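Hi there,

Here is the structure I promised to pass on to you. Please open it next to this email and look for each part as you read.

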Amino acid sequence: MSISTRSPAADSLAVTALNGAGFSGIRLCGIRHHGPGSARALRELLHRDPADIVLIEGPAEADGIAALAVDPEMQPPVALLGHVLDHPERAAFYPFASFSPEWVALTWALQHGVPVRFIDLPLRYSLAPPPPVQQGVLVDAGTSAGPHLVRRPIDPLGELSRAAGYDDPERWWEDVLEHRESLAAAATPQHDGGVIDLGPFVAIAEAMTAVRAVVEPTGVLADPVEARREAHMRTGIRAAVSDGFQRVVVVCGAWHVPALADCLTPISARRDKAVLRALPKVKVAITWVPWTHRRLASATGYGAGVTAPGWYHHLFTHAGPDVIARWFTEVARVLRAADYPTSAADVVEAVRLADALAALRGRPLPGFSEVDDVARAVLGGGTDTPMRLISRELVVGAQIGRVPTATPMVPLARNLLNEQRRCRLKPAAGVRSLELDLRKSLDLQRSQLLHRLLVLDVSWGIPSEGRGSTGTFRETWQLRWEPELDVRLIERAALGTTVEAAASAALSQDALAADTIGELTSLLEASLLAGLHDAVPGMVALVAERAAIADDVARLLEALPPLARTVRYGDVRSTDATSLESVVHSIVGRIAAGLAMACSGLDNDGARQFARLLRNGQSALALLTDRRQLAAFHSGLTALVEGNRLPGHVQGLATRLLADSQLMDSDVVERRWSRALSRGIEPSESAAFVEGFLGSSGAVLAHDPQLLGLLDRWLSSLPGDSFAEVLPLLRRTFGGFDTAERRVIGERVRTGEAPGTRRGRFELDSERSAAALITVGHLLGISR
């Protein structure tokens, strides 16, 4: 693709003037979304030649909440969130950072008392069905829709950078725009026949005109979504002129500038009216929500994202000759906080090297590639670990925005905001570990809030393994707030006006829809963890009702662990779970009676799954203080192992559980091993028995030489084809052992400590060895 260097219509594209008394013109400012260079240029233009009105590419419904942008509590990055009232899952985000040109224009207008309007296609049209996905163009209505995710037929920046001899569009944009100390550094604005000097925006308009002339030579957009959006933007510009505004500044993506240039012609007005006629629409709502720098990164899939949001934020907030020195100072601070040795001399050397590297590469100033290379070489020791830290904390950044309390919210979201303040939990963009001691009132309230949000599928926190577990007074959570969670809150808003009420309603709905008693008991456990005490009696009654008629032993085993944890640890959360003890007793009795029948006819996968349920059931009953439940379960296992034709996995596990509970003597265990490994048993069934008995621990083999000898003799007796058949199963079993266990087992077999084990004997073929030694001698230069 070739792009001409000069467009004959460039001057008229940058500014469209209306002949008439006192009309100064329309400034079409083509910007890059989230480009700090564009933001600085726009800010300079507005200070040099103030506008009467500012028009911004964004959903028209945002006009009603635009004033919140200058609320003292508002802190970018933030996003406009629009959603369909009847279908909250159909939503669109419009993100803004402090270095976004649209944010600069919005806040400037509000601070100077200048009217501001959003002129993009309203959400009531863009979110209406059918979804706006046509002819290969995508608007993602679930994450970040709007002007930023429409896929162009080409990449404009890519084409322009290639025409300029660059292989990296980001690098070209940095050199042309981001590294200019003042992109709008043109002299005082000149008015000549309605034409105003817009500095770099003239060049941007000219470049985009050349690109669009190649892509769309007829000037007609093939994509109806883009056509509607640009028609509405032109309509908005005409409305501002009609309202009598003299100096109109239009802030839009650079791609749209050529299409908006002829907005005041009669032909354009008629065409736009036809395009926008009879569009389907829906009822929508719009609000502000916090956003994060991480979600501004292009690596997250955001169409208008930038490679390094943190770096761009730094360029915008610290413009000046010391911008590179300030950056490396921040890098040193982050590294020192993580105990990486970084001296002031390292920072000085990094700044010098970055300047030298930029000069060597022919760049006006060090860009992101230069500071990244230098940080790795000088401050990161050439390794990846510190660079990942720098990327997370600085290059991308962990900033999260904040919205004012006056922001329109659904009642559920506002209640969550109040709960966060009450529990002193502040959302953060980065992953944060939180340890809770449930004996403390505040930590218990925090735990209940996080569990209630999990019930609502708002996964702000995820439980993780820490110093404690479910059964102790401690919990460990990994917290990270994602913007999509605001959409989840809107989706769940119909369940209740508070987090507690909505979680209770969600649990009740899920309980009525549960197909198995295992699902019910998991929901019951969730209600207790979330402190939803009003929902517990109904859940208990439903579990008891299902348990009374359940006859599927596998389903009953699934239900046992959450029930046992609830009974055992209810007092940790000040919960009375005694009413469940009778339910547990009934379930255990039914399991013990039906084990033998449940195991008949299982294939290998089914037997392995059933063995896992048995192991979990044993662990769950061991938690209970009432040992009668465990005794009843063991009686069922005893009857099970006495049966014939039992799957190897189940037979091995049942034997192990009874042996660990000291209900089976070692002599009996050895006899069962001998029977399972006898010649009359299929090798695959014998291997399954070994896997079921050993599980993922080799401690019993390491400390019981008799069993180790039995296993060694059995393996030694297998013919070649049978050994090849059982090898994958045994390799999986032994692969789960600790390294120390495998070492002890191997040493005992090697030394013959286990009874009946035989030490391997190997003899070398002297003739073949001699030939190999000659070859090795030649390779090493040793003559014989």
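Below is what turned up, starting with the whole protein and then moving to its parts.

First, a word on how to read this. The model is predicted, so local features need pLDDT of at least 70 and side-chain atom pairs count only at pLDDT 80 or more, while totals for chains, interfaces and linings use all residues. Residues are numbered from 1 along each chain as its sequence is written, and side-chain values use heavy atoms, with hydrogens and water left out.

**The whole protein**

The protein has 33 helices and 13 strands. These are DSSP runs numbered from the N terminus: helices are H or I with at least four residues, and strands are E with at least two. Of the 784 residues, 51% count as buried. Buried means under 20% relative accessible area, exposed means over 50%, and partly exposed lies in between (1.4 Å probe, protein chains only). Among contacts (heavy atoms within 4.5 Å) with a separation of 6 or more, 75% are between residues 24 or more positions apart.

**The cores**

In soluble globular proteins, nonpolar side chains tend to be buried together. A nonpolar core here is a set of buried Ala, Val, Leu, Ile, Met, Phe, Trp, Tyr and Cys residues joined through side-chain atoms within 4.5 Å. The largest one has 105 residues, and the members that touch the most others are Ile587, Ile591, Leu614, Leu637, Leu640, Trp673 and Leu701. Helix H22 (residues 553–569) gives the most to this core, with 8 residues. A second, separate core has 46 residues, including Ile56, Ala69, Leu127 and Val249.

What does Trp673 contact, apart from its neighbours within four places in sequence? The list is Phe689, Val690, Phe693, Leu694, Leu701, Leu707, Leu710 and Leu711.

**A covered helix and a covered loop residue**

Have a look at helix H3 (residues 101–111), which is mostly covered, with 9 of its 11 residues buried. Among them are Trp103 and Trp108, and also Glu102. After H3 comes Gly113, with a positive phi near 70°.

Ala261 sits in the loop between helix H9 (257–260) and helix H10 (266–275). With a relative accessible area of 12%, Ala261 is buried. From C-alpha to C-alpha, Ala261 is 8.6 Å from Arg234, although 27 residues separate the two in sequence.

**Salt bridges**

Side chains of opposite charge can pair when their charged atoms come close. A salt bridge is counted when a side-chain nitrogen of Lys or Arg is within 4 Å of a carboxyl oxygen of Asp or Glu. The whole structure has 32 of them.

One of these joins Arg117 and Asp243, at 2.8 Å from N to O. Arg117 is in strand E6 (residues 116–120) and Asp243 in the loop between helix H8 (224–242) and strand E9 (247–253), so this pair ties together parts that are 126 residues apart in sequence. Arg117 is partly exposed at 24% relative accessible area, and Asp243 is partly exposed at 48%.

Another links Asp605 to Arg608, at 3.3 Å from N to O. Both are in helix H24 (residues 604–621), 3 residues apart, or about one turn of the helix. Asp605 is exposed at 56% relative accessibility, whereas Arg608 is partly exposed at 28%. Elsewhere, salt bridges that share partners join Arg294, Arg295, Arg480, Glu482 and Glu484 into one network.

**Helices that pack together**

Two packed helices are described by the angle between their axes and the distance between the axes. The axes are lines fitted to C-alpha atoms over the stretch in contact, and angles run from 0 to 180 degrees between N-to-C directions.

Helix H23 (residues 581–599) packs with H24 at about 160°, their axes 13 Å apart. H23 and H24 are therefore roughly antiparallel (angles over 145 degrees count as such; under 35 is roughly parallel, 65 to 115 roughly perpendicular, and the rest oblique). In this packing, Val588, Leu595, Ala598 and Cys599 of H23 meet Phe610, Leu614 and Leu621 of H24.

Helix H25 (residues 627–641) and helix H26 (residues 648–660) have axes that come within 10 Å and cross at roughly 135°. That makes H25 oblique to H26. Residues that meet there include Leu637 and Leu640 in H25 and Ala654 and Leu658 in H26.

Enjoy exploring!
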